[in-house]
Amino acid sequence: MGMIRWLNRHRWGFALLWAVPALFLAAVSRTWRVGAVLLIWIPLAIAVAWLYFTALEKEMKQARDALEHCDPELLLRTSRELAEGFPLKRPRTRSVGISLGLSESTALFSMGREAEAARLLDRLEPWVQTSGGPNRATWLLNRATAALREKNGPRARRVLEEAEWTVEAMAPEGRKASAWETILERYRWQLRFLEKEDPAQLLREVCSWLERPESLRLQVMDHYHAACCLRALGRTEEARPHLEFAVEFGGGLEVRRRAADLLKQLQRPETP
(Lines give C-alpha, C1' and ligand atoms only; values in the text may rest on other atoms or scores of the structure.)
Protein backbone atom coordinates (compact mmCIF):
# COMPACT_ATOMS: atom_id res chain seq x y z
CA MET A 1 0.00 0.00 0.00
CA GLY A 2 3.04 2.26 0.07
CA MET A 3 2.64 2.89 -3.65
CA ILE A 4 -0.70 4.63 -3.13
CA ARG A 5 0.65 6.92 -0.43
CA TRP A 6 3.75 7.79 -2.48
CA LEU A 7 1.71 8.59 -5.59
CA ASN A 8 -0.75 10.68 -3.58
CA ARG A 9 2.10 12.80 -2.29
CA HIS A 10 4.00 12.92 -5.61
CA ARG A 11 1.47 13.31 -8.40
CA TRP A 12 4.27 13.59 -10.97
CA GLY A 13 4.96 9.95 -10.22
CA PHE A 14 2.17 8.91 -12.60
CA ALA A 15 3.89 10.61 -15.52
CA LEU A 16 7.22 9.12 -14.50
CA LEU A 17 5.79 5.60 -14.23
CA TRP A 18 4.27 5.87 -17.68
CA ALA A 19 6.95 7.81 -19.55
CA VAL A 20 10.23 6.23 -18.45
CA PRO A 21 9.49 2.63 -19.57
CA ALA A 22 7.98 3.86 -22.83
CA LEU A 23 11.00 6.01 -23.67
CA PHE A 24 13.35 3.24 -22.65
CA LEU A 25 11.66 0.74 -24.95
CA ALA A 26 11.58 3.27 -27.74
CA ALA A 27 15.32 3.85 -27.34
CA VAL A 28 16.05 0.14 -27.30
CA SER A 29 14.12 -0.33 -30.51
CA ARG A 30 16.11 2.59 -32.00
CA THR A 31 13.01 4.45 -33.01
CA TRP A 32 11.54 7.65 -31.68
CA ARG A 33 8.47 7.62 -33.85
CA VAL A 34 5.43 8.96 -32.00
CA GLY A 35 3.31 6.01 -33.02
CA ALA A 36 5.73 3.51 -31.49
CA VAL A 37 5.89 5.43 -28.20
CA LEU A 38 2.11 5.75 -28.00
CA LEU A 39 1.68 2.08 -28.79
CA ILE A 40 3.59 1.27 -25.61
CA TRP A 41 2.54 4.25 -23.50
CA ILE A 42 -1.23 3.86 -23.78
CA PRO A 43 -1.43 0.21 -22.55
CA LEU A 44 1.11 1.06 -19.86
CA ALA A 45 -0.98 4.03 -18.72
CA ILE A 46 -4.05 1.82 -18.49
CA ALA A 47 -2.12 -0.82 -16.55
CA VAL A 48 -0.73 1.72 -14.05
CA ALA A 49 -4.20 3.24 -13.50
CA TRP A 50 -5.69 -0.22 -12.99
CA LEU A 51 -2.98 -1.18 -10.49
CA TYR A 52 -3.44 2.09 -8.62
CA PHE A 53 -7.20 1.83 -8.22
CA THR A 54 -6.99 -1.88 -7.43
CA ALA A 55 -4.51 -1.10 -4.64
CA LEU A 56 -6.72 1.75 -3.42
CA GLU A 57 -9.80 -0.47 -3.26
CA LYS A 58 -7.81 -3.16 -1.45
CA GLU A 59 -6.61 -0.68 1.16
CA MET A 60 -10.11 0.71 1.70
CA LYS A 61 -11.51 -2.81 2.00
CA GLN A 62 -8.98 -3.58 4.73
CA ALA A 63 -10.00 -0.40 6.54
CA ARG A 64 -13.73 -1.20 6.24
CA ASP A 65 -13.07 -4.74 7.45
CA ALA A 66 -11.27 -3.27 10.47
CA LEU A 67 -14.39 -1.22 11.23
CA GLU A 68 -16.49 -4.39 11.11
CA HIS A 69 -14.04 -5.76 13.71
CA CYS A 70 -14.70 -2.67 15.87
CA ASP A 71 -11.57 -0.72 14.92
CA PRO A 72 -12.74 2.56 13.32
CA GLU A 73 -9.36 4.26 13.71
CA LEU A 74 -7.88 2.56 10.63
CA LEU A 75 -10.81 3.64 8.44
CA LEU A 76 -10.49 7.22 9.70
CA ARG A 77 -6.75 7.36 9.08
CA THR A 78 -6.87 5.66 5.68
CA SER A 79 -9.79 7.74 4.38
CA ARG A 80 -8.13 11.01 5.36
CA GLU A 81 -4.78 10.11 3.84
CA LEU A 82 -6.16 8.82 0.55
CA ALA A 83 -8.57 11.77 0.19
CA GLU A 84 -5.58 14.08 -0.28
CA GLY A 85 -5.16 12.63 -3.78
CA PHE A 86 -8.82 13.04 -4.77
CA PRO A 87 -9.85 16.71 -4.45
CA LEU A 88 -13.57 17.38 -4.75
CA LYS A 89 -13.09 20.34 -7.07
CA ARG A 90 -11.74 18.13 -9.84
CA PRO A 91 -14.59 16.36 -11.70
CA ARG A 92 -12.48 13.31 -12.51
CA THR A 93 -11.57 12.68 -8.85
CA ARG A 94 -14.80 13.92 -7.24
CA SER A 95 -16.69 10.63 -6.97
CA VAL A 96 -13.81 8.87 -5.20
CA GLY A 97 -13.21 11.95 -3.04
CA ILE A 98 -16.85 11.97 -1.92
CA SER A 99 -16.70 8.26 -1.11
CA LEU A 100 -13.55 8.73 0.98
CA GLY A 101 -15.09 11.67 2.81
CA LEU A 102 -18.17 9.60 3.62
CA SER A 103 -15.97 6.78 4.92
CA GLU A 104 -14.25 9.30 7.16
CA SER A 105 -17.60 10.53 8.49
CA THR A 106 -18.72 6.94 9.13
CA ALA A 107 -15.56 6.34 11.16
CA LEU A 108 -16.08 9.55 13.13
CA PHE A 109 -19.67 8.64 14.00
CA SER A 110 -18.51 5.15 15.05
CA MET A 111 -16.01 6.79 17.42
CA GLY A 112 -18.60 9.14 18.90
CA ARG A 113 -17.10 12.27 17.31
CA GLU A 114 -20.47 13.54 16.06
CA ALA A 115 -19.54 17.22 15.75
CA GLU A 116 -16.59 16.48 13.44
CA ALA A 117 -18.68 14.06 11.41
CA ALA A 118 -21.51 16.58 11.01
CA ARG A 119 -19.12 19.31 9.85
CA LEU A 120 -17.68 16.93 7.27
CA LEU A 121 -21.17 16.06 5.99
CA ASP A 122 -21.92 19.78 5.67
CA ARG A 123 -18.75 20.21 3.64
CA LEU A 124 -19.66 17.32 1.36
CA GLU A 125 -23.29 18.38 0.87
CA PRO A 126 -22.84 20.62 -2.23
CA TRP A 127 -20.98 17.83 -4.01
CA VAL A 128 -23.30 15.03 -2.91
CA GLN A 129 -26.33 16.89 -4.28
CA THR A 130 -25.04 16.21 -7.79
CA SER A 131 -24.20 12.62 -6.97
CA GLY A 132 -26.50 9.62 -6.90
CA GLY A 133 -26.48 5.98 -5.92
CA PRO A 134 -24.26 4.74 -3.08
CA ASN A 135 -22.61 8.08 -2.28
CA ARG A 136 -25.91 9.89 -1.82
CA ALA A 137 -27.46 6.99 0.11
CA THR A 138 -24.46 6.84 2.47
CA TRP A 139 -24.56 10.60 3.01
CA LEU A 140 -28.26 10.41 3.90
CA LEU A 141 -27.74 7.48 6.27
CA ASN A 142 -24.97 9.35 8.04
CA ARG A 143 -27.35 12.30 8.36
CA ALA A 144 -29.87 9.88 9.85
CA THR A 145 -27.20 8.74 12.32
CA ALA A 146 -26.73 12.34 13.43
CA ALA A 147 -30.49 12.82 13.89
CA LEU A 148 -30.80 9.58 15.87
CA ARG A 149 -27.92 10.58 18.16
CA GLU A 150 -29.67 13.90 18.74
CA LYS A 151 -32.94 12.01 19.42
CA ASN A 152 -34.62 14.01 16.66
CA GLY A 153 -37.20 11.46 15.47
CA PRO A 154 -39.00 13.55 12.81
CA ARG A 155 -35.75 14.57 11.16
CA ALA A 156 -34.39 11.02 11.30
CA ARG A 157 -37.56 9.67 9.68
CA ARG A 158 -37.47 12.30 6.93
CA VAL A 159 -33.82 11.63 6.06
CA LEU A 160 -34.25 7.87 6.30
CA GLU A 161 -37.19 7.92 3.89
CA GLU A 162 -35.08 9.85 1.39
CA ALA A 163 -32.30 7.28 1.80
CA GLU A 164 -34.78 4.48 1.11
CA TRP A 165 -35.93 6.20 -2.10
CA THR A 166 -32.31 6.62 -3.17
CA VAL A 167 -31.58 2.93 -2.57
CA GLU A 168 -34.74 1.87 -4.40
CA ALA A 169 -33.55 3.83 -7.45
CA MET A 170 -30.34 1.76 -7.62
CA ALA A 171 -30.00 -1.27 -9.85
CA PRO A 172 -31.20 -4.46 -8.08
CA GLU A 173 -27.79 -6.12 -8.27
CA GLY A 174 -26.17 -3.04 -6.67
CA ARG A 175 -28.66 -3.06 -3.80
CA LYS A 176 -28.07 -6.74 -3.13
CA ALA A 177 -24.27 -6.64 -3.41
CA SER A 178 -23.96 -3.81 -0.89
CA ALA A 179 -26.52 -5.28 1.57
CA TRP A 180 -28.48 -2.02 1.62
CA GLU A 181 -31.61 -3.73 2.95
CA THR A 182 -29.73 -5.03 6.00
CA ILE A 183 -28.36 -1.54 6.66
CA LEU A 184 -31.77 0.11 6.29
CA GLU A 185 -33.33 -2.53 8.55
CA ARG A 186 -31.05 -1.48 11.43
CA TYR A 187 -31.82 2.21 10.91
CA ARG A 188 -35.58 1.58 10.86
CA TRP A 189 -35.24 -0.36 14.13
CA GLN A 190 -33.35 2.47 15.83
CA LEU A 191 -36.00 4.96 14.74
CA ARG A 192 -38.79 2.75 16.06
CA PHE A 193 -36.98 2.40 19.40
CA LEU A 194 -36.54 6.18 19.57
CA GLU A 195 -40.27 6.57 18.91
CA LYS A 196 -40.93 4.18 21.83
CA GLU A 197 -42.58 1.34 19.96
CA ASP A 198 -43.35 -1.89 21.85
CA PRO A 199 -39.97 -2.97 23.35
CA ALA A 200 -41.07 -6.63 23.44
CA GLN A 201 -41.55 -6.66 19.65
CA LEU A 202 -38.31 -4.78 19.09
CA LEU A 203 -36.52 -7.27 21.34
CA ARG A 204 -37.81 -10.21 19.30
CA GLU A 205 -36.46 -8.62 16.14
CA VAL A 206 -33.02 -7.84 17.49
CA CYS A 207 -32.74 -11.34 19.01
CA SER A 208 -33.50 -12.82 15.59
CA TRP A 209 -30.55 -10.84 14.21
CA LEU A 210 -28.30 -12.24 16.94
CA GLU A 211 -29.14 -15.75 15.78
CA ARG A 212 -27.67 -15.19 12.32
CA PRO A 213 -23.99 -14.66 11.52
CA GLU A 214 -23.08 -10.99 11.34
CA SER A 215 -19.93 -8.90 11.64
CA LEU A 216 -18.60 -8.28 15.14
CA ARG A 217 -19.60 -4.61 14.91
CA LEU A 218 -23.23 -5.52 14.18
CA GLN A 219 -23.20 -8.11 16.97
CA VAL A 220 -21.99 -5.48 19.43
CA MET A 221 -24.69 -3.06 18.27
CA ASP A 222 -27.38 -5.73 18.46
CA HIS A 223 -26.35 -6.83 21.95
CA TYR A 224 -26.47 -3.21 23.12
CA HIS A 225 -29.91 -2.69 21.58
CA ALA A 226 -31.17 -5.93 23.09
CA ALA A 227 -30.03 -4.68 26.50
CA CYS A 228 -31.87 -1.40 25.94
CA CYS A 229 -35.09 -3.30 25.20
CA LEU A 230 -34.67 -5.55 28.22
CA ARG A 231 -34.07 -2.56 30.45
CA ALA A 232 -37.22 -0.91 29.10
CA LEU A 233 -39.10 -4.12 29.99
CA GLY A 234 -37.64 -4.08 33.52
CA ARG A 235 -35.58 -7.24 32.88
CA THR A 236 -32.27 -5.77 34.01
CA GLU A 237 -30.63 -9.06 34.99
CA GLU A 238 -31.10 -10.35 31.43
CA ALA A 239 -29.70 -7.08 30.04
CA ARG A 240 -26.34 -7.42 31.81
CA PRO A 241 -24.82 -10.23 29.65
CA HIS A 242 -25.64 -8.26 26.49
CA LEU A 243 -23.95 -5.17 27.87
CA GLU A 244 -20.94 -7.19 28.98
CA PHE A 245 -20.57 -8.52 25.45
CA ALA A 246 -20.68 -4.99 24.01
CA VAL A 247 -18.09 -3.78 26.53
CA GLU A 248 -15.75 -6.73 25.97
CA PHE A 249 -15.81 -6.72 22.16
CA GLY A 250 -16.75 -3.11 21.34
CA GLY A 251 -13.13 -2.07 20.76
CA GLY A 252 -12.94 1.54 19.62
CA LEU A 253 -16.66 1.94 18.96
CA GLU A 254 -18.59 4.66 20.79
CA VAL A 255 -21.34 2.15 21.59
CA ARG A 256 -18.86 0.40 23.89
CA ARG A 257 -18.81 3.51 26.10
CA ARG A 258 -22.61 3.69 26.13
CA ALA A 259 -22.79 0.03 27.07
CA ALA A 260 -20.26 0.52 29.88
CA ASP A 261 -22.22 3.52 31.23
CA LEU A 262 -25.48 1.59 31.18
CA LEU A 263 -23.85 -1.43 32.83
CA LYS A 264 -22.62 0.79 35.67
CA GLN A 265 -26.13 2.14 36.13
CA LEU A 266 -27.56 -1.38 36.39
CA GLN A 267 -24.88 -2.42 38.87
CA ARG A 268 -25.63 0.40 41.31
CA PRO A 269 -27.57 -0.77 44.35
CA GLU A 270 -31.12 0.48 44.32
CA THR A 271 -31.91 3.04 47.01
CA PRO A 272 -35.01 2.30 49.13
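**Entry one: a threonine.** I looked up Thr 166 and found it buried, with a relative accessible area of 13% (buried means under 20%, with a 1.4 Å probe and protein chains only). Thr 166 sits in helix H8, residues 153-168; helices here are DSSP runs of H or I with at least four residues, numbered from the N terminus.

I then checked its contacts (heavy atoms within 4.5 Å). Leaving aside neighbours within four places in sequence, Thr 166 touches Gly 133, Arg 136, Ala 137 and Leu 140.

**A note on the model.** This is a predicted model, where local features need pLDDT of at least 70 and side-chain atom pairs count only at pLDDT 80 or more, while totals for chains, interfaces and linings use all residues. Residues are numbered from 1 along each chain as its sequence is written, and side-chain values use heavy atoms, leaving out hydrogens and water.

**Entry two: a helix pair.** How far apart are the axes of H6 and H7? I noted 10 Å, with an angle of about 145 degrees, for H6 (residues 114-128) and H7 (residues 133-149). Axes are lines fitted to C-alpha atoms over the stretch in contact, and angles run from 0 to 180 degrees between N-to-C directions. Among the residues making the contact are Leu 121 and Glu 125 of H6 and Arg 136 and Trp 139 of H7.

I looked up the buried residues of H10 and listed Trp 180, Leu 184, Arg 186, Tyr 187, Trp 189, Leu 191 and Arg 192. After H10 comes Lys 196, whose phi is positive, near 60 degrees.

Technical notes:
Buried means under 20% relative accessible area, exposed over 50%, partly exposed in between (1.4 Å probe, protein chains only).
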